[in-house]
Amino acid sequence: MAKSPHTSEFRARVSQEYLDGYGSYDFLATKYHIGSKTLRQWIDKYRIYGVEAFTIKQGNSTYTAEYKTMCIKAVLSGEGSVDDIVAKYNISSRQVLRRWIIKYNANRELKDYDPKREVYMATARRKTTIEERKEIVKYCINHKRNYKDTAALFDVSYSQIYSWVKKYDTNGEEALSDKRGRHKTDDEVDELERLRRENLRLKRQLEEKDMLTELLKKVKEFEGM
């Protein structure tokens, strides 16, 4: 989630204006050019925590798997709506809680959130089937190509998803197939083939390095997570 462009003092002041009766949700949202849902979220949190709801740094909040499960069950058991639980447990945003619920309902493992772990790092890889890759790519495209959220949801790396979507855009689902088969090892081929392979490996390493550099630039706006 990107950092809010609004200061904690501003969010607290606008929330207090609503509580003091200076305008409705829609009136204040229009007056200050804020989304109505965003304003409602501010006010719900402000009612419970006061200005501390905004002074605690949300972007690097640490959430354990147990904490996520507790919040999810609070919604599913009818303890409150998504917005109610976001406010009660001071979760950074309703989108964060919704992602947890989607993952929970899909029987995907909920993990402790470490804000220092960047899901877009090239080393964060796991093996996937062709059907998984199709599902992941379609989800990413249908959710405004939000690579980071998709990576977190499906437990794959940012660079993997970026690469799959790029291949899909160019050549469709066929490009997502893993065409790697049984190849001869370097010891089983002649010197010319070994040199060719080494050249390809070096080329790919350079391409991955360049791609990672570009990805890191693109995700600067998400560094609040």
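Tutor: Let's begin with burial: a residue is called buried under 20% relative accessible area, exposed over 50%, and partly exposed in between, using a 1.4 Å probe and protein chains only. Residues are numbered from 1 along each chain as its sequence is written, and this is a predicted model, in which local features need pLDDT of at least 70, side-chain atom pairs count only at pLDDT 80 or more, and totals for chains, interfaces and linings use all residues. Side-chain values use heavy atoms, with hydrogens and water left out.

Now to Glu173, which is partly exposed at a relative accessible area of 30%. Glu173 sits in the loop between α10 (158-171) and α11 (191-218); helices here are DSSP runs of H or I with at least four residues, strands are E runs of at least two, and both are numbered from the N terminus. A salt bridge requires a side-chain nitrogen of Lys or Arg within 4 Å of a carboxyl oxygen of Asp or Glu. Glu173 forms one with Lys134 at 3.5 Å, N to O. That pair links distant parts of the chain, as Lys134 belongs to helix α8 and the two are 39 residues apart. Glu173 also meets Lys138 in a salt bridge, at 3.1 Å from N to O. Lys138 is in helix α8 as well, so this pair ties together parts that are 35 residues apart in sequence. With a relative accessible area of 38%, Lys138 is partly exposed. As background, an α-helix has 3.6 residues a turn, so residues three or four places apart point the same way.

By this rule, the count comes to ten salt bridges. Another of them joins Lys31 and Glu17 at 3.8 Å, N to O. Here Lys31 lies in helix α2 (residues 25-32) and Glu17 in helix α1, 14 residues apart. Lys31 is partly exposed at 46% relative accessibility, whereas Glu17, at 14%, counts as buried. Helix α1 (residues 8-19) also holds Ser15, which is buried at 0% relative accessibility. Leaving aside residues up to four places away in sequence, Ser15 touches Trp42, Ile43, Tyr46 and Phe54, where a contact means heavy atoms within 4.5 Å.

Back at helix α8 (130-142), the loop that leads on to α9 (147-154) contains Lys144. Lys144 has a positive phi of about 60 degrees although it is not a glycine, and it is exposed at 79% relative accessibility. Asn90, in the loop between α6 (82-88) and α7 (94-105), also has a positive phi, about 50 degrees, without being a glycine. Asn90, however, is buried at 12% relative accessibility.

Among contacts between residues at least 6 apart in sequence, 64% join residues at least 24 apart. The mean pLDDT, the predictor's confidence in each residue from 0 to 100, is 77, and 74% of residues reach 70 or more. Over residues 115-124 the pLDDT is below 50, although this stretch has 27 contacts in the model beyond near neighbours in sequence.
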